[in-house]
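This briefing goes through a structure residue by residue, grouped by topic. Please keep the sequence and the 3D view open while reading.

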Amino acid sequence: MVNVTEDVFANGAVNPFTKSKDTIKRFTLTNGAGMSVQLITRGATITSIKTPDASGQIDDVTLGFDDLAGYQSERNPYFGATIGRVCNRIANGSFYLDGKLVQVSKNRDNKFQLHGGFVGFDKAHWEVVEVRVDGVTLSHTNPDGHEGYPGKVTATASFTLSEDNCLHVQMSALADKTTPVNLTNHSYFNLAGHKSGANGLYEHTIEINAYGITETDQSSIPTGRITPVEGTGFDLRVSSNLGERLKALQPARGYDDNFCVTFSPPQPLAKVARATHPPSGRWLEVVSNQPGVQFYTSNFMPDVERGESPIPGKDGAAYAKHCAFCLETQKFPDSVNHSNFPSTILRPGESYQHEVIYKFGVSH
């Protein structure tokens, strides 16, 4: 049986849209197999995923904070949040929509937009739409003109836990004017346990079912070209050790790339990736209906070897460079500026539907 409980994560949180003081609610989803997921209404954020290893030892395998101040901090790199209206990058914060130039906010070095701008969906206080026996559905209404985007967008994020250790996340959106929408979940995973750092990460193996990557410039902005992974350091189609792969990528800091997922029609869902941590036996499989996945190895988190101070995380953790990986299912970054990329444009009367399943298990 899956069980859902609700409690208060924080009181008196100032809503960035309405300026009202809100209660941030927390939901805990627990199944009979020893897995539990916690999420909060701020940013529709996954704060914890606890799952057993091969010997039954339960550990938290996703990064996060103990309190609201952590999530509100400038140092929060979007831990666990639902990202929108458009995840990833928009070059120059501008694009043409039906022949008209749209200028959105540029929240990165005044050069481009990242993850929806200064106040993205990750900072919104989502409303509780439904609490079910096995999960919860949250909603955020994003006003017309917010961060420069046309149209009001009503987004929902539904989180469901199953008995076989699958976390189903369903993101949907409707718009009253034509506008781009590209949502993702930005959980940071470390199957060795969220405190195990780079040493734990380097023990993982990774496999990504992709035929290419979207080539990028120095600012990680796509050039419009799709480069085949064949014969490159991005060919992760066969499971390989992540630590060795990261060493081989030098001088690059690590992976921060959109992989183009290989689908087998008519299947609507594709296996996107599989990560395993052989010492603990834990594995994670990601399945999605999205054409891309951003594989990110926390390269821009604090580099303690250079004297940068780690991010203080939950339960006394110290988070630093290469301490976790993200598999952000999405349409391709900067799609609004590349007609050869899958379109992110949502028109009135259409429905945006994004399904992603995180399946956890152990190999003995």
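H115 lies in the loop between strands β10 (113-114) and β11 (127-131); helices (H or I, at least four residues) and strands (E, at least two) are DSSP runs, numbered from the N terminus. The model is a predicted one, in which local features need pLDDT of at least 70 and side-chain atom pairs count only at pLDDT 80 or more, while totals for chains, interfaces and linings use all residues. Residues are numbered from 1 along each chain as its sequence is written, and side-chain values use heavy atoms, with hydrogens and water left out.

**Surroundings of H115**

- H115 counts as buried because its relative accessibility is 5%; buried means under 20% relative accessible area, exposed over 50%, and partly exposed in between (1.4 Å probe, protein chains only).
- The side chain of H115 reaches the backbone nitrogen of N88 at 2.9 Å.
- The side chains of H115 and H186 are joined by a polar contact of 3.4 Å. A polar contact is a pair of N or O atoms within 3.5 Å; within protein, one must be able to donate a hydrogen and the other to accept it, and residues adjacent in sequence count only if both atoms are side-chain atoms.
- Not counting residues up to four places away in sequence, H115 touches Y78, I83, G84, V86, C87, N88, G120, D122, H186 and E328. Contact means heavy atoms within 4.5 Å.

**Annotated binding site**

- An unreviewed UniProt entry places the feature "binding site" at N88, R89, H186, S187, Y188 and D256. UniProt positions are given in the numbering used here, feature names are shortened, and annotations may be inferred rather than shown by experiment.
- Of these residues, N88, R89 and D256 are included in the lining of the largest cavity. On a 1 Å grid over the protein atoms alone, a cavity is a set of points where a 1.4 Å probe fits but cannot get out, and lining residues have an atom within 4 Å of a point.
- R89 lies in strand β7 (residues 89-90) and is buried, with 11% relative accessibility.
- The side chains of R89 and N88 are joined by a polar contact of 3.0 Å.
- Leaving aside neighbours within four places in sequence, the contacts of R89 are F112, Q113, L114, S219, S220, I221, D256, P333 and D334.
- D256 is found in strand β21 (residues 256-261) and counts as buried at 13% relative accessibility.
- A polar contact of 2.9 Å links the side chain of D256 with the side chain of Q294.
- Residues up to four places away in sequence aside, D256 touches R89, S220, Q294, F295, Y296, N299 and F300.

**Cysteines**

- The structure holds 0 disulfides, a disulfide being a pair of cysteine sulfur atoms within 2.5 Å.
- C260 is buried at 0% relative accessibility.
- For C326, the closest cysteine sulfur is in C323, 9.0 Å away, which is also too far for a bond. C326 is buried, with a relative accessible area of 0%.

**Aromatic residues**

- There are 17 aromatic pairs in the structure. Rings of Phe, Tyr and Trp (its six-membered ring) pair if their centres lie within 6.5 Å; planes under 30 degrees apart count as stacked, over 60 as edge-to-face and the rest as tilted.
- F79 and Y319 form an edge-to-face pair, because their ring centres are 5.4 Å apart and their planes stand at 85 degrees.
- This pair links distant parts of the chain, 240 residues apart: F79 is in the loop between α1 (68-72) and β6 (82-83), and Y319 is in strand β26 (residues 318-319).
- F79 is buried at 1% relative accessibility, and Y319 is buried with a relative accessible area of 1%.
- One aromatic cluster is formed by F9, F65, Y71, F79, Y188, Y296, F300 and Y319.

- R132 lies in the loop between β11 and β12 (135-142).
- The side chain of R132 makes polar contacts with the side chains of S158 at 3.2 Å and T160 at 2.8 Å.
- K19 lies in the loop between β1 (3-14) and β2 (21-30) and counts as exposed, at 59% relative accessibility.
- The side chain of K19 reaches the backbone oxygen of P16 at 2.8 Å.

Terms used. On a 1 Å grid over the protein atoms alone, a cavity is a set of points where a 1.4 Å probe fits but cannot get out, and a pocket is an open set with protein on both sides within 12 Å along at least five of seven lines; lining residues have an atom within 4 Å of a point.
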